[in-house]
Structures are given as C-alpha cells and as structure tokens.
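The sequence and the structure are shown first.

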Amino acid sequence: MDISTQDAPVPPPAPAPSLEQKRASRGATRPGDRVFLGLSRGSGILLLVIMAAIAGFLTYRAALAISEDEANFLTSFEWDANGTPPKFGIAVLAYGTVISSVIAMVIAVPISVGIALFITHYAPRRLGGVISYVIDLLAAVPSIVYGLWGALVLVPHLNGLYGWLDDYLGWTGVFEWQGGAARSLFTVGILLAIMILPIVTNVSREVFRQSPQMIEEAALALGATRWEVIRMSVLPFGRSGVISASMLGLGRALGETMAVATVLSPSFLINASLLDPGGGTFAQNIASKFGEATPVGRDALIASGLVLFVITLLVNGAARAIIARRKEYSGANA
Amino acid sequence: MSHAVTEKRPSSLKGGSLPRWSAWAVALAATGAGLGISAAAGLDSSIQWALIAALLFVLVNYVLAVRVEGRRQAKDRLATSLVWVAFLLAVIPLASLIWETVSRGLKVFDVYFLTHSMGVVSDTEPGGGIYHAIIGTLEQVALATLIAVPIGVLTAVYLVEYGRGRLAKTVTFFVDVMTGIPSIVAGLFILSIMLILDLQPFGFAGSLALAILMMPVVVRSTEEMLKLVPNELREASLALGVPKWRTIMKVVLPTSIGGITTGVMLAVARIMGETAPVLLLVWGADYINNNPFEGAQASLPLYIYEQYANSAGSPAAYNRAWAAALALIAIVMILNLAARGIARWKAPKTGR
C-alpha cells in the first residue's frame, strides 16, 4: 500500500501548550468528542477485525478439513468429503469457476463498454439517463431470480444457439454438443455476463464521463468522426478504468452462488466441451452440497470457500488498487 | 443514388451523406430479414433471429456507409451501430426477465398466497403461500439493518470527519475489498463460528451474515454523502463553539440524512435478495416461525430456490416460485424507487 503526502496531521500542534490551552484549542479533548471519536474509530477498527476474523475462522476450519483429507486438496478431481476416509479436491471447481467467469467477461466487457459509450457519448442526455436507470434496475434484480429465469427461460431458448455452435464450431472440440439440456458452463457464463453487466457498465461509464472534454472537442474541431474521437481520446483515457471495472465484474462472477446453482447441472469431471454438462464452481458446490454434508463435509466446503475468499480478495484488491492509483494521478476527481 | 453522390463529391467540401432515417430503415429491414430467414430455415429460438438481425443491421449499415460516405464515416457508423446493438443486447434479458416473472407469477399471486404458509402443503401440490417467508425475510433483514447501519454510518463519519493517516487508508481499502466478498463466504464465516459454538440454525445467524454484506455498502454511500456536505456549514458551527461531535450530530448528519437513507435503502434492497447465507445459516422452513433467535426460518429468496429445486419439476411449485420471485422483485423495486425518490427530494444543497 502506498502512503501519500496526506499523512501530515491537519491541526498544526502548537509549540508545547499548557493543558488548558490544548483543551481550548482542540475540540478533541472534550469528553463528548472523545467518546464520539472512540465510537467512530472503533467501528472502523471493527470492520478490519471482521475481515481478519473471516480469514482466521475460515482458515481454522479449513485446516481441520484438509488434515482429514486423503486426496490432494489442490489437484484431486474427486469430491467425496462425506465418505470415510474423506477424499476431496478443488481442481474441478477451480476450473469451472475460472472458465465460467472468463466466458462471462468475454461477453460482458465489450457489451458494457458499448453501453457505457452509448450513455456518455452517443445517446441524447435524457435517453442516457433512462438507460442508466434501466442498468441500475438490472443490478437490483436478486440473483436467485436470475437463476430461476436462467433455468426456466434461458436454458430452453439456448438450444438453437447450441445447435449452431455445434454445427459450425463443433470441430474445435470446445463447442461440441451431445444434445442434452443446455445446463453447461457456457450457459452459466452467459447468465453471469448478464449479471455483471451493470457493475462493469457503471464503473466504465463514470470513467468515460471524466474523459477530458477539451481533447475531445479539439479532435472534433480537427474533423475527426465521433468514433475517431472515442478511439483516440476516450478509450486510451479510460483503459485502466475499464480494466478495473472488468475486475470488479470478475469478482462478482467468481462468487456468484444461486444463479449458478439453479442453472448448472454439475458433475465432478472436466469436459473439454463447454456445451456439455460438467464442472462446477466453488460457490455453487457449497450451496448444492451443503444440505447433505457431514461435519467433515462441511469443513471441506468451508475449505473450498476459503480458496474462493482468497481469489476474490486478490481480484478485488487489484481492481481497487488500480482505481485508487488512477484517482491520485488523473486529478479528475478533484 | 450512390453514383450521383460520387459525381458531386469533387465539387463540394462535404462528402455525400446518408439521410438521417437510414439507420432506422436498416434496423427495420434487418429485423424483418432476420425473422424471414429464421422462418424459412425453421429456427425456433428467438435468440437466433435476433442474432441474425443484429448481424445484418451492423453489416448493411457499414456497407451502405462505405459506398455512400467513405471509409472513415463508415467506421464511425459501424461503431455507432455496434454500440446500439450492445444496448439492445442488455435490454432484452431485462425485458424478458420482467415479462416472464410478471406473466408467470400472476398465476397464483393473490391474497391467499400472501397470507398462507407451506406448513401443510407438500412441495409438489398446488396451494400454500409465502407468508412465513415474508416474515422471515423481514425479520432477518431488519436485524441485519439494525446492526449494519450504526456501524456503517459511524465508520463513514470516522473516514470523512476524523480519518487521516494509515488507519483510515487501511479501513478505506478494506471497505472496498469487503464490498466484493461473495455472499456465500460471509455465510461460511458465520457458519464456522456456529460450528465451533455448536449452534443450530436460526434467523439471527443469517442476519449477522447479511450485516457483513451490508456494512461496506452503507459505509461507501454514507461517505459519499458526507463529502457532499459543504465545509462552510462545519466551520460555521465550529466557530460558534459547538463541539465537533455535536457539529457532526446536529449539522453534518442532518444535512446528509436524505442521501444516507437512500444508501441504506439500496443496501437493504441488495441484501434482501441474498439466498446463499440464509441457505447455510437459517435453513428454511415450511411453517411460520416468528422468532428469529430460535429455530429454522424461511426467507423469500430461499423459498424461490426451494420451490425450484425440491419439487422435481412440479408446475404448481414452479408457479409458486415465479409468484414469490414477483413478490421479491416488487419489494426490491419499491425500495429502489423510494430510495431514489428520497435522494431527489432531500438532495443536499451543495451551493451550485
């Protein structure tokens, strides 16, 4: 973490004041102030404690589970945490989580950037406001409703698309389709793309909105088309913002539980084809396996949750760090 | 038309241009062609004809522009049509989702549904309702709000009014990171504590997990609102000799109360739809349990999941799931609309 120059204490300390003077010059020593400062600082510290506690407790239970594990926790394809001896590994879950999130990113990021540009640079101001509102609505829909819609509406509609992919791209092996219900990692990716679209759009929109007006107008005055203005001034300016927006979206996609649990038909094998059932994700596996889990099984699920926690922490931390650095240097937020 | 334009080009500074309505005409034609092609080829899925239409729209627009307006303008048109397509692609799922939820949900959505539980109805039979789930959701969310709002607001006050130096920076960073914690991880955290203390599932455990998810959202929005309060107000109050804590309580917070309320309501709307922590910690129940501190409780999002997952495809259960989804969306949307209304009504006067 970087430390900026803001660290200097703002009320400049008077040279060796008496206690009385100190009390008079600085409000912070009045009892009411002291209590209030303590309370508010305490809440801040409490948040840090909660974060630490999450890491601590999850690690503790995970360690219990891994010490019982007869298989390799990182590389095993099996998930038999309820058996004796328990055998479980996260290889399939890691694969499924990463693949479905990557599919979601590939679909959602270009579309989100398009919508953000539409709002900031193409649509009339009033229409832009309406669209922002629609995107916010998209964000407000609970994930379980997306899951229900995905499972009962989207899945049957995807058969046609799956057929196409199989016909024209089946030779790659990645898009081969045996013809079952479209409850695969690819469908999950599409659904996750719809779900992360709002956050990626909103963050990108804020970044594009801050792009320097002067440069855009200068480019227009030189006869550039709107697309050339965007390509030469808006996109370069917004690149880091779009990257961090995508990573925030990625964080969401990685941790999404219920939508995946309702749509995916999971299995503990890695399938070369994205369209055939197979794989699972960390969060989905926890939700689906929790009901019948034994005590060791629960700890095993907590262990996989710890892995998810660490991954999302890294992704979100990186995204926030990029945003923070941008803020400091661009001066656009002043 | 195109050769006439090319003839004119050398004599005028401005090249030929397509009429304003051309994009609309192309869109209409592309939609028609998409429908026609899919009807001819016997494609049944609406996704397919929409994709064909979108592709046709982009291509025809580009080709037209290349012929009439030149390559640079054509690229501009290409970008414009792609941006429009992106926008439509985002609206279609939302429209479909709302349409399906309303049309399928209304089948069993009535007063009976809202006032009865699933206590004597098995999952595959018709009948029953969501009364127990609404009770559970309201209690859990209310308790979570009671925990998260004071902590969140105080943290935001600390960050804006007091926070300088390393602690404030650390808190800011971790609040940001905390926003991204998956809900299931928050659930697992409380679960691990419950396992250590050997507790049975109960509503309040779910509230704790929801509070963890809610806190960072409240901190973030409150922080933004406190920053909007003009410094002159603080200075005026301090100059009158009012202690800092009274300044915050009597001047800063009241000025920004509208925005803070909005943020809290949006946060409530967000946690109201969380299923995963409730699934792990509260378990769900078919009967009415008014006590959030003892025994399994139902919740609206969890009810939707159970009706979907435990019913082996029974239409009655699916209808209930859609109706419950309709109720949940309605509550969330009302909260959202009310929050925005308050935001507009009580927006702090920033001296613009």
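Domain bounds, as used in this report, come from an automatic or database domain assignment. The model is predicted, and the positions discussed below should be read with that in mind.

**Domains of chain A**

Chain A is divided into domain 1, residues 16-68, and domain 2, residues 87-330. The centres of domain 1 of chain A and domain 2 of chain A, taken over C-alpha atoms, are separated by 36 Å. Nine residues from domain 1 of chain A and eight residues from domain 2 of chain A take part in the contact. On the side of domain 1 of chain A that touches domain 2 of chain A, the classes are six nonpolar, one polar and two charged residues.

**Domains of chain B**

For chain B, the assignment gives domain 1 as 2-105 and domain 2 as 131-345, and the C-alpha centres of domain 1 of chain B and domain 2 of chain B lie 43 Å apart. In this chain, four residues of domain 1 of chain B are in contact with six residues of domain 2 of chain B. The side of domain 1 of chain B that touches domain 2 of chain B has one nonpolar, two polar and one charged residues.

**Annotated spans**

In an unreviewed UniProt entry, the annotation "domain: ABC transmembrane type-1" covers residues 94-319 of chain A. An annotation for chain B, also from an unreviewed UniProt entry and reading "domain: ABC transmembrane type-1", covers residues 134-339.

**A helix pair within chain A**

Helix α3 (residues 91-122) of chain A and helix α8 (residues 226-255) of chain A have axes that come within 9 Å and cross at roughly 140 degrees, which makes α3(A) oblique to α8(A). The crossing in which α3(A) passes α8(A) is right-handed. Among the residues of α3(A) that take part in the contact are Thr97(A), Ala104(A), Val113(A) and His121(A), while those of α8(A) include Arg226(A), Val234(A), Gly249(A) and Leu254(A). Sorted by class, the residues of the contact of α3(A) with α8(A) are 12 nonpolar, five polar and one charged.

**The interface between the chains**

Between the chains, 81 residues of chain B are in contact with 80 residues of chain A. Helix α4 (residues 71-105) of chain B contributes 19 residues, the most to the side of chain B that touches chain A. The residues of that side of chain B divide into 54 nonpolar, 16 polar and 11 charged.

One packing of helices from the two chains can be described in detail. Helix α5 (residues 143-169) of chain A packs with helix α3 (residues 46-69) of chain B at an angle of about 55 degrees, with their axes 7 Å apart, and this angle makes α5(A) oblique to α3(B). Which residues of α5(A) meet α3(B)? His157(A), Leu158(A), Gly160(A) and Leu161(A) in α5(A) meet Ser46(B), Ile47(B) and Gln48(B) in α3(B). By class, the contact of α5(A) with α3(B) has three nonpolar, four polar and no charged residues.

Notes:
Residues are numbered from 1 along each chain as its sequence is written. Chains are lettered from A and ligands numbered from 1 in the order in which they are written. This is a predicted model: local features need pLDDT of at least 70, side-chain atom pairs count only at pLDDT 80 or more; totals for chains, interfaces and linings use all residues. UniProt positions are given in the numbering used here, feature names are shortened, and annotations may be inferred rather than shown by experiment. Two residues are in contact if their C-beta atoms, placed from the backbone, lie within 7 Å. Ala, Val, Leu, Ile, Met, Phe, Trp, Tyr, Cys and Pro count as nonpolar, Asp, Glu, Lys and Arg as charged, and the others, Gly among them, as polar. Axes are lines fitted to C-alpha atoms, for helices over the stretch in contact, and angles run from 0 to 180 degrees between N-to-C directions. Helices (H or I, at least four residues) and strands (E, at least two) are DSSP runs, numbered from the N terminus. Angles under 35 degrees count as roughly parallel, over 145 as roughly antiparallel, 65 to 115 as roughly perpendicular and the rest as oblique. A crossing is left-handed if the near helix is turned anticlockwise from the far one by less than a right angle, and right-handed if clockwise.
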